[in-house]
Amino acid sequence: MPARLSRRSFLVGTFGLSAAWLAAVGGCAPPPATPTPLPATPTPVARAGPAPGAAGVIKVGILHSLSGTMSISETSVKDAEMLAIEEINAAGGVLGQKLEPIVEDGASDWPTFAEKARKLLQQDKVATVFGCWTSASRKAVLPVFEQLNGLLWYPVQYEGLEASPNIFYTGAAPNQQIVPAVEWLLKEGRTRFYLLGSDYVFPRTANEIIKAQLAAAGGVVVGEEYTPLGHTDYSTVITKIKTARPDVVFNTLNGDSNVAFFKQLRDAGLTADRLLTLSVSIAEEEVRGIGPEVMVGHLAAWNYFQTTDTPENKRFVAAYKRRYGEGRVTDDPIEAGYLGVYLWARAVERAGATEVARVREAARNLEFAAPEGTVKVHEKNQHLWKPVRIGRVRPDGQFDEIWSTGSAVEPDPFLERYAWAAALKKGR
Amino acid sequence: MEIVLLQAFNALSLSSILLLIALGLALSFGLMRVINMAHGEFMMLGAYTVYVLQPLFAPLGGPALGLYFVAALPLAFLTTALLGAGLERLVLRHLVHRPLDTLLATWGVGLVLQQAARSLFGAPNVQVTTPPWLQGGITVTGSFTMPYIRLFIIGMVLVAILLVWLYLVRTAAGRRTRATMQNREIAAALGVRTPRVDMLTFGLGSGLAGLAGCALALIGPIGPSLGTYYIVDSFLVVILGGIGQVVGTAIAAVAIGGANALLEFQLSASVAKVLVFVLVIAFLQWRPAGIIARRAAR
């Protein structure tokens, strides 16, 4: 595959250059703008753990799909993580040392993710890795991180039922997105649910949870439909939805199928006021690709919107647009990627070392004023306390927040605090 | 009753889309035996043509804004036809009589085109505004609406297939094409410039892919991997229809579209997809040459 080879050699070249550049900078001209931390460098206070590369540099890995189907979503998360690293470096780095990002391409291919994770941990000896998007890629790298005792910061909402000591989950657990969204819909009087999803693990698990919750709360599932990933003709599915007459379509479609679904829904004359949908995988970036005029009025549940009104978010959105262009938008996974880098940096500062065991210990109950509001690392399951929001798509493709929990919700990846979920776990 | 009508229309609409994406392949694969895996990427380029033209027409404002789509049709056809002709001239010409190698070569070209689109337009999907005159639809009864876009695509397919048929049957160039495909050596001996015919035919097939891309831009995603979603279906239609048979391709598209719409409604999308594959395989066991077998001696 010529395209891939040339890209790889290009990347190698780029890394070579940047490594040489960093070595030169680090070697002869230490940045003078950092007053306190520099003297600390010669006396390494417990610099245990994965050995840093050149003196004064901490290597961190970034592992996302920069090619293939998933690059649509993951490229922007990589950009946000790079932005956080640049900001941290501009402010003097971590423990007085600059961060050196090593970017690897998972290529939307799960074995490649595992291989690249191994490379980052063994060969580059990175202190931590920020990366992955799909659950499949996370499941592929998980054994690598556990075996080599690495640390992964995973930025995307997912189906839950996992808590690895080697992963910090900065996106939502099901009880911080799906469960509150269903509760809210029921409270709005929408009891007839049509469940539509792509045919793979996340939508199926999410819908199992929703079905259990609806059974307990008095809702009805009037239809459940899964389409293959990349499915492009939804006219028949739309007919089925019409026949079932639901109050709401709970949409867990992923990727490009969403574009086809919403365009064809609009063509069939079903605007949001006639058939409401609530999605959990469509954020600002996706709305832009689908077309805001097609999605106007539909709902999405997230922890963060670009319009979220906090001073931290104003700063973050401005910085992101300044760095990558006015036309770019931020969204939930982008923000979760960004805040993950900061959380790790804070934990390292608190621990005084990059060693995984000590960082993990230091991260417990760590708080950070993120763009979405103050988040806190859960002491046990390594997920985050996060606020939950529901937004409605505006004609400009942004979301109007129409409901939020206000304060941060405790993460519960195994849904232990819900009585109806007990049967669910027994069933699997 | 309403549902039956609605599903019948959906079946017709799906068939028209299948036929639109398969028509170009019926030429390049059917007539030339080149397995063009880059066919999907030509569709993607067609879709991006619509996206590129849209802002150029923005200053016009008002209803004239929708003209960008009309302008995109010939432009997409020309762009992809030229690219296809170039591909034939530079790559495929050297792989004559090696159909499996054309598969690899065109697949590689497809990857290059995908990555080029990713570098040029960015990895995220882009969107176009549907021209005002294609928004909405005709409401027949209560919930039975025929979207204008679907009607437009059906019309577009009818015109395209008529033109292709006229070209092959009624023009001198078409006769030369058929002669070359039936017996290359004798056609050449009779003075047909076969390399030129190859280039033209492949260009035409690629141009049709570009046209299909324009239509798909209105109903599906526009992104670098657009082509990959349609390529399997289009090969399925061509193979079922019978190699080199434009009419067979049309019948196959209607059969597959109809089966898909029916099965998906009764069962589910995933199962329907599997069953359609099973049915096609079973049919090809029974009639390996497809719905319409080629009569000409080889």
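This is a predicted model: local features need pLDDT of at least 70, side-chain atom pairs count only at pLDDT 80 or more; totals for chains, interfaces and linings use all residues.
**Exercise 1. A sheet of three strands**

Task: For the open sheet with the order β11-β12-β13 in chain A, state which strands are the edges.

Solution. Step 1: The sheet has 3 strands with antiparallel pairing. Step 2: β11 (367-370) and β13 (384-385) of chain A each pair on one side only, and are the edge strands. Step 3: Strand β12 of chain A, residues 373-377, pairs with β13(A) over 2 bridges in the antiparallel sense. Step 4: Within β13(A), Leu384(A) is the residue opposite Val377(A).

**Exercise 2. Chain A as a whole**

Task: How many helices and strands does chain A have, and what percentage of its residues count as buried?

Solution. Step 1: Chain A has 15 helices and 15 strands. Step 2: It has 428 residues, of which 53% count as buried. Step 3: Among contacts in chain A with a separation of 6 or more, 71% are between residues 24 or more positions apart.

**Exercise 3. Helix α4 of chain B**

Task: What span does α4(B) reach from its first C-alpha to its last, and which of its residues are buried?

Solution. Step 1: The helix has 23 residues and reaches 32 Å, close to the 33 Å expected at 1.5 Å a residue. Step 2: Its buried residues include Thr102(B), Ala105(B), Thr106(B), Val109(B), Gly110(B) and Leu113(B). Step 3: To read the spacing of such a list, recall that an α-helix has 3.6 residues a turn, so residues three or four places apart point the same way. Step 4: After α4(B) comes Gly122(B), with a positive phi near 90°.

**Exercise 4. Where the chains touch**

Task: How many residues does each of chains A and B give to the contact, and which element gives the largest share on the side of chain B?

Solution. Step 1: Chain B gives 36 residues and chain A gives 38 residues. Step 2: On the side of chain B, the elements that give two or more residues are α1 (2-31), α4 (99-121), β2 (144-147), α10 (246-266) and α11 (269-286). Step 3: The largest share, 7 residues, is that of α1(B). Step 4: By type, this side of chain B divides into 17 nonpolar, 16 polar and 3 charged residues.

**Exercise 5. The largest nonpolar core**

Task: Which residues have the most contacts inside the largest nonpolar core, and why does this core lie between two domains of chain A?

Solution. Step 1: The core has 196 residues, and Ala22(B), Met43(B) and Ala47(B) have the most contacts inside it. Step 2: Helix α8 of chain B, residues 194-219, gives the most to the core, with 14 residues. Step 3: Domain 1 (57-171 + 311-385) and domain 2 (175-304 + 387-427) of chain A both give residues to this core, so it lies between them. Step 4: Beyond its neighbours within four places in sequence, Ala47(B) is in contact with residues including Gly213(B), Cys214(B) and Leu216(B).

Definitions and conventions: Residues are numbered from 1 along each chain as its sequence is written. Chains are lettered from A and ligands numbered from 1 in the order in which they are written. A nonpolar core is a set of buried Ala, Val, Leu, Ile, Met, Phe, Trp, Tyr and Cys residues joined through C-beta atoms within 7 Å. A residue is buried if 20 or more other C-beta atoms lie within 10 Å of its own, exposed if 12 or fewer, and partly exposed in between; C-beta atoms are placed from the backbone. Helices (H or I, at least four residues) and strands (E, at least two) are DSSP runs, numbered from the N terminus. Domain bounds come from an automatic or database domain assignment. Two residues are in contact if their C-beta atoms, placed from the backbone, lie within 7 Å. Ala, Val, Leu, Ile, Met, Phe, Trp, Tyr, Cys and Pro count as nonpolar, Asp, Glu, Lys and Arg as charged, and the others, Gly among them, as polar. The expected span of a helix is 1.5 Å times one less than its number of residues. Two strands pair if DSSP finds at least two bridges between them.
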